[in-house]
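Hi everyone, thanks for making time for this. I'd like to walk you through a structure that may be new to you, so please have a look at it first.

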Amino acid sequence: MKQAACALTIAGTDPSGGAGIQADLKTFQELKSYGMSAITSVVAQNTTGVKDIHDLPVDMLRKQLEAVSSDMPIHAFKTGMIASHDMMKTIAEWLPEIPAPYVMDPVMVAQSGDPLIKEESRLWLRDHLLPYTSIVTPNIPEAEDITGRSIENIDDMKEAAAQIVTKFGAGAALVKGGHIKGQAIDVLFDGSEIHTFTSERIDTKNTHGTGCTYSAAITAHLSHGSPLVEAVEQAKYFVTEAIRHSFELGEGSGPTNHFATREEVFNKWL
């Protein structure tokens, strides 16, 4: 029987389907990874913002993690929204049992600006959970929060990526340049050298869930055994096409199109 590549997401929900657990599972499916999930928080949100958050009991998070890892293979996993340092501690206690790449999307605020991680938990995430990661994928505001420094250009991004690895202990850091004008340039420091990934900047407001989708795509490629730089390169292509073919849905920032690359393949056959 065929052995599937298995990817796990540990994150909050999005009932509108564009971000969080829902976006991660869609991305895993499109990239041929068997998707699994452990929910941290139930989030009432849509394209206009976050309406309410209900954090699950920490014991339930622990039981979800144990249920999955005791029965299923995990070839790569990611974390998204982790609302409290108690949840972070639970994940940190579970992590040593899982010999698989760990992708952290350090979700701190929603794209709408609504806070998703309690302020007192951010230092715990940086100091205690970040060192376990294979790669962390902050956008510029998140990278500024982690490093405590202002990021205004590509050189600043490179310095921040290097600092996140050398000072704070991440395995690698991908600082995403979505908040800087011009081309969409992301900077990866893999622990030894800097890599840049460039794509055109697509003129659309429909970018709900791009961070979740990007990190999930990296996770999916890592679950297949792809080298880190290749995984990031392929994930960059996936999220760019998802933005290019995004959906005009909702009254706010619409969702990206998780089956955009599949649609492109189909169109080539016509």
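Let's begin with a pair of residues: Asp 24 and Lys 78 are both buried. Please keep in mind that we are looking at a predicted model. What do Asp 24 and Lys 78 form together? They make a salt bridge, and the closest N and O atoms are 3.0 Å apart. This pair connects distant parts of the chain, with Asp 24 in helix α1 (residues 20-30) and Lys 78 in strand β5 (residues 76-79), 54 residues apart.

As a bit of background, side chains of opposite charge can pair when their charged atoms come close.

Next, please find Asp 145 and Arg 122, whose side chains meet in a salt bridge at 3.1 Å, N to O. Asp 145 sits in helix α5 (residues 140-147) and Arg 122 in helix α4 (residues 119-129), so this pair ties together parts that are 23 residues apart in sequence.

Now over to Lys 205 and Glu 248, another salt bridge, with 3.3 Å between the closest N and O atoms. Here both partners come from loops: Lys 205 from the one between β10 (194-199) and α7 (210-223), and Glu 248 from the one between α8 (228-244) and α9 (260-269). The two are 43 residues apart, and again distant parts of the chain are linked. Lys 205 is partly exposed, at a relative accessible area of 44%, while Glu 248 is exposed, at 60%.

There is also a network of salt bridges, which links Asp 59, Arg 62 and Lys 63.

Let's finish with two loop residues. Thr 47 lies in the loop between β3 (41-46) and β4 (49-55). With a relative accessible area of 15%, Thr 47 is buried. Which residues does Thr 47 touch, leaving out those up to four places away in sequence? Among them are Ser 16, Leu 249, Gly 250 and Pro 255. Gly 252 is another, and the side chain of Thr 47 reaches the backbone nitrogen of Gly 252 at 3.0 Å.

Gly 178, in the loop between β8 (173-175) and β9 (184-189), is exposed, with a relative accessible area of 52%. Its C-alpha is 7.1 Å from that of Asn 139, and these two residues are 39 apart in sequence.

Note on methods. Residues are numbered from 1 along each chain as its sequence is written. This is a predicted model: local features need pLDDT of at least 70, side-chain atom pairs count only at pLDDT 80 or more; totals for chains, interfaces and linings use all residues. Side-chain values use heavy atoms; hydrogens and water are left out. Helices (H or I, at least four residues) and strands (E, at least two) are DSSP runs, numbered from the N terminus. Buried means under 20% relative accessible area, exposed over 50%, partly exposed in between (1.4 Å probe, protein chains only). A polar contact is a pair of N or O atoms within 3.5 Å; within protein, one must be able to donate a hydrogen and the other to accept it, and residues adjacent in sequence count only if both atoms are side-chain atoms. Contact means heavy atoms within 4.5 Å. A salt bridge is a side-chain nitrogen of Lys or Arg within 4 Å of a carboxyl oxygen of Asp or Glu.
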